[in-house]
Amino acid sequence: ARGPQAALTGPFARGDHGVVAAHLRAIDESSPEVAAIYRAIGMRAAEMADEGGHISPEESERLIRSLK
């Protein structure tokens, strides 16, 4: 697959819930506005990770739930 799904890397592509949670804790403390942006981008990144076959649909849903 080509496109953004194929290029996705990082904690969302790996389904790394621990890193995502740590990012959110750090960002929430310093900037709630930036945390809202991280959540929005993260939700789409989790969907793309699923679409690109990086993670399972269940892992994607778990990431999305953790971002709400």
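A residue is called buried under 20% relative accessible area, exposed over 50% and partly exposed in between, using a 1.4 Å probe and protein chains only. The legends below describe a predicted model, in which local features need pLDDT of at least 70, side-chain atom pairs count only at pLDDT 80 or more, and totals for chains, interfaces and linings use all residues. Residues are numbered from 1 along each chain as its sequence is written, and side-chain values use heavy atoms, with hydrogens and water left out.

**View 1. Tyrosine 38 and phenylalanine 12 form an aromatic pair.**
Tyrosine 38 is buried, at a relative accessible area of 17%, and phenylalanine 12 is buried too, at 8% relative accessibility. The structure holds one aromatic pair. In this pair of phenylalanine 12 and tyrosine 38, the ring centres are 5.8 Å apart and the planes make 50 degrees, a tilted arrangement. (Rings of Phe, Tyr and Trp, the last by its six-membered ring, pair if their centres lie within 6.5 Å; planes under 30 degrees apart are stacked, over 60 edge-to-face, and the rest tilted.) The pair links distant parts of the chain, with phenylalanine 12 in helix H2 (residues 11–14) and tyrosine 38 in helix H4 (residues 32–51), 26 residues apart. Helices here are DSSP runs (H or I, at least four residues), numbered from the N terminus.

**View 2. Here we look at what surrounds phenylalanine 12.**
Beyond its neighbours within four places in sequence, phenylalanine 12 is in contact with Val20, Tyr38, Gly42, Ala45, Ala46, Ala49, Ile55, Leu63 and Leu67. Contact means heavy atoms within 4.5 Å. Glycine 42 and phenylalanine 12 are 30 residues apart along the chain, and their C-alpha atoms are separated by 7.1 Å. With the neighbours within four places in sequence left aside, glycine 42 is in contact with Phe12 and Leu67.

**View 3. The largest nonpolar core has 16 residues.**
A nonpolar core is a set of buried Ala, Val, Leu, Ile, Met, Phe, Trp, Tyr and Cys residues joined through side-chain atoms within 4.5 Å. Leu8, Phe12, Val20, Tyr38, Ala46, Leu63 and Leu67 touch the most other members of the largest core. H2, H3, H4 and helix H5 (57–67) each supply at least two of its residues. The largest share, six residues, comes from H4.

**View 4. Helix H3 (residues 17–30) packs with H4.**
The two helices H3 and H4 pack at an angle of about 150 degrees, and their axes are 6 Å apart. That angle makes H3 roughly antiparallel to H4. (Axes are lines fitted to C-alpha atoms, for helices over the stretch in contact, and angles run from 0 to 180 degrees between N-to-C directions; under 35 degrees counts as roughly parallel, over 145 as roughly antiparallel, 65 to 115 as roughly perpendicular and the rest as oblique.) On the H3 side, Val20, His23, Leu24, Ile27, Asp28 and Ser30 meet Pro32, Val34, Ala35, Tyr38 and Arg39 of H4. By class, this contact has seven nonpolar, two polar and two charged residues. Nonpolar covers Ala, Val, Leu, Ile, Met, Phe, Trp, Tyr, Cys and Pro, charged covers Asp, Glu, Lys and Arg, and the others, Gly among them, are polar.

**View 5. H4 also meets H5.**
The axes of H4 and H5 come within 8 Å and cross at roughly 175 degrees, which makes H4 roughly antiparallel to H5. From H4, Tyr38, Arg39, Gly42, Met43, Ala46, Glu47 and Asp50 take part, and from H5, Pro57, Ser60, Leu63, Ile64 and Leu67. Seven nonpolar, two polar and three charged residues make up the contact of H4 with H5.

**View 6. Arginine 65 and lysine 68 are exposed.**
Arginine 65, in helix H5, has a relative accessible area of 54%. Arginine 65 and methionine 43 are 22 residues apart in sequence and 8.7 Å apart in space, C-alpha to C-alpha. Lysine 68 sits in the segment after H5 and has 70% relative accessibility. Between the C-alpha atoms of lysine 68 and aspartate 50, which are 18 residues apart along the chain, the separation is 18 Å.
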